[in-house]
Amino acid sequence: MARDIHRKETGRKDSALPPYFNIDPDAALAELEAPTSTTGFAGIAEGCARGRADLASRGLDDEGRKTLRLFSTWEITRYLIPVAQAHFRRVLKANPELPQGRSETEGGAKWFTLDEVLVLRAHFAAQGSKAKDYIPYRPKGLPAKMVAVANFKGGVGKTSTAAHLAMSAALDGYKVLVIDLDSQGSMTSIFGGRVEDEWQTAFPLLARHYGEHLRSENQRRLDRGEAPQPMDDALTTAMDMTAADVIQSTHWPNIDLIGAQLNLYWAEFQIPVWRMAARSWKLWDALTDRLEADGVLDQYDVIFIDTPPALGYLTINGLSAADILLVPMGASFLEFDSTGRFFDMLHSTFASIEEGENLAARALGRPEMGFEWDAVRAVITRYDSAQQGELAGLMQAYMGPVLSPHKQDYTALIGQAGEQVSGIYEADYRDFNRETYARGRETFDETYAAFKRLLIGCWRRAEVQMQSAAE
Ligand SMILES: Nc1ncnc2c1ncn2[C@@H]1O[C@H](COP(=O)(O)OP(=O)(O)OP(=O)(O)O)[C@@H](O)[C@H]1O
Ligand SMILES: [Mg+2]
């Protein structure tokens, strides 16, 4: 129990003093526990793990899996399939083979699973007015777009932004893959992922990429009569693994996950060791190459990559895999400042990779390489217009079009989300004041709309290029 050292030492007379004066050293000592050893951390971690398991067990299904809430007729016709409620009901009545939903009370509102919403949307798309885009745009014959959400500053809203975008893209009808590259595993928790160790993360994909490189290097060594480099057990195991082995489904029917867990951090030590052993290994291509080789880019529409608050090897892989880079930051001096430094680090990191590669390319007379992103946008998150308008205006003036003009408002509902419900799209609107809900939903819908414009623009550019190349 904490004692009020002040009261005891100073009495009521001095109670107007600030709390950091007159702290008695002996009283402070009496409150202190014994020094902490390494095993102390294990004890703390264990306490946290028990608390987490307790929290997580509330509101999960019998097998301990997260479940997604149902969607009401009001919500479907308002947000997901833009038709009048009366028309929606008429179409359902006329087509008894379509999902009919369920109601909690006799004659009450009808509720549907997201799977059912997707079936209904396909029906309206096939039968309904051609003027409305029930099914979102995705050009045929082009790969999924990969989106990395990154900033080396922590707590700026990377995971929240990526998770909300993934959910809104899924509600919009896209097939989504989420890749968690942060060993904190927050994104994995949001999507109810189960990850035992690094073998259920992106790690084996990176290991296989290196293994394939080592194998071809070894072939060259053998051809020259040199001894091959050993392939250890981990690499041998990874050589048989594909993306399908690490992709898991989630409680969202059209969102899959490659999860993360503490052991993924090991990759930050392992990757440089591999690179030392084989300097010609293009580590930054590992994730993209493996996703492409395993057909993942054809199976999904949009792939969101959540990254840790650091510019380590995992982040570099995520960034170089990305077509679209989103950099969330708050409208505060410190976050603006460190985001500027982050772009500086991106520049020097990728420029030094290009320089290293192109030195060799020039010597060998091969074409030079350069990284390229379809689009890069900084996004203001947790925005408070009453306090931050001036700073946001200044940021806009200096960053120009790279700063998305839409600012994601501070939304109290987001921070309150627990284990079962993550963010505005999983929350049941009946649990909130209608207006609070509508405002929160609107700011994330706007975040998605700004992103979707980028996505569609990038796809369309690729489509136009593909068409003109074919002519
Ligand atoms: N629009 C918002 N309104 C209110 N709170 C928000 C909003 N966006 C994010 N938050 C809260 O801010 C905190 C940090 O967000 P988040 O975890 O997404 O950041 P992060 O950049 O992924 O952090 P890390 O660097 O640790 O990975 C969380 O508690 C989250 O709930
Ligand atoms: Mg995060």
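Which residue forms a salt bridge with Lys 145? Asp 374 does, with the closest N and O atoms 2.6 Å apart. The two sit in distant parts of the chain, 229 residues apart: Asp 374 is in the loop between α16 (333–364) and β10 (375–381), and Lys 145 is in strand β4 (residues 145–149). Here a salt bridge means a side-chain nitrogen of Lys or Arg within 4 Å of a carboxyl oxygen of Asp or Glu, while helices (H or I, at least four residues) and strands (E, at least two) are DSSP runs, numbered from the N terminus.

Before going on, a word on what you're looking at. This is a predicted model, where local features need pLDDT of at least 70 and side-chain atom pairs count only at pLDDT 80 or more, while totals for chains, interfaces and linings use all residues. Residues are numbered from 1 along each chain as its sequence is written, chains are lettered from A and ligands numbered from 1 in the order in which they are written, and side-chain values use heavy atoms, with hydrogens and water left out.

Zooming out, the protein has 19 helices and 10 strands, and its C-alpha atoms fill a box of roughly 85 × 70 × 50 Å along the principal axes. Of the 471 residues, 45% are buried; that label means under 20% relative accessible area, with exposed being over 50% and partly exposed in between (1.4 Å probe, protein chains only). By that scale Lys 145 is buried at 8%, whereas Asp 374 is partly exposed at 25%.

Now for the other charged pairs. Side chains of opposite charge can pair when their charged atoms come close. The count comes to 22 salt bridges. One of them joins Arg 430 and Glu 104, at 3.2 Å from N to O. This pair also links distant parts of the chain, 326 residues apart: Arg 430 lies in the loop between α18 (412–416) and α19 (434–470), and Glu 104 in the loop between β2 (102–103) and β3 (110–112). Glu 104 is exposed, with a relative accessible area of 61%, and Arg 430 is partly exposed at 43%.

Helix α19 has a local example. Arg 460 and Glu 463 meet in a salt bridge at 2.7 Å, N to O. They're three residues apart in α19, so about one helical turn separates them. Arg 460 is partly exposed at 39%, but Glu 463 counts as buried at 13%.

Finally, take a look at Arg 69, Glu 75, Arg 441 and Asp 445, which are linked in a network of salt bridges.
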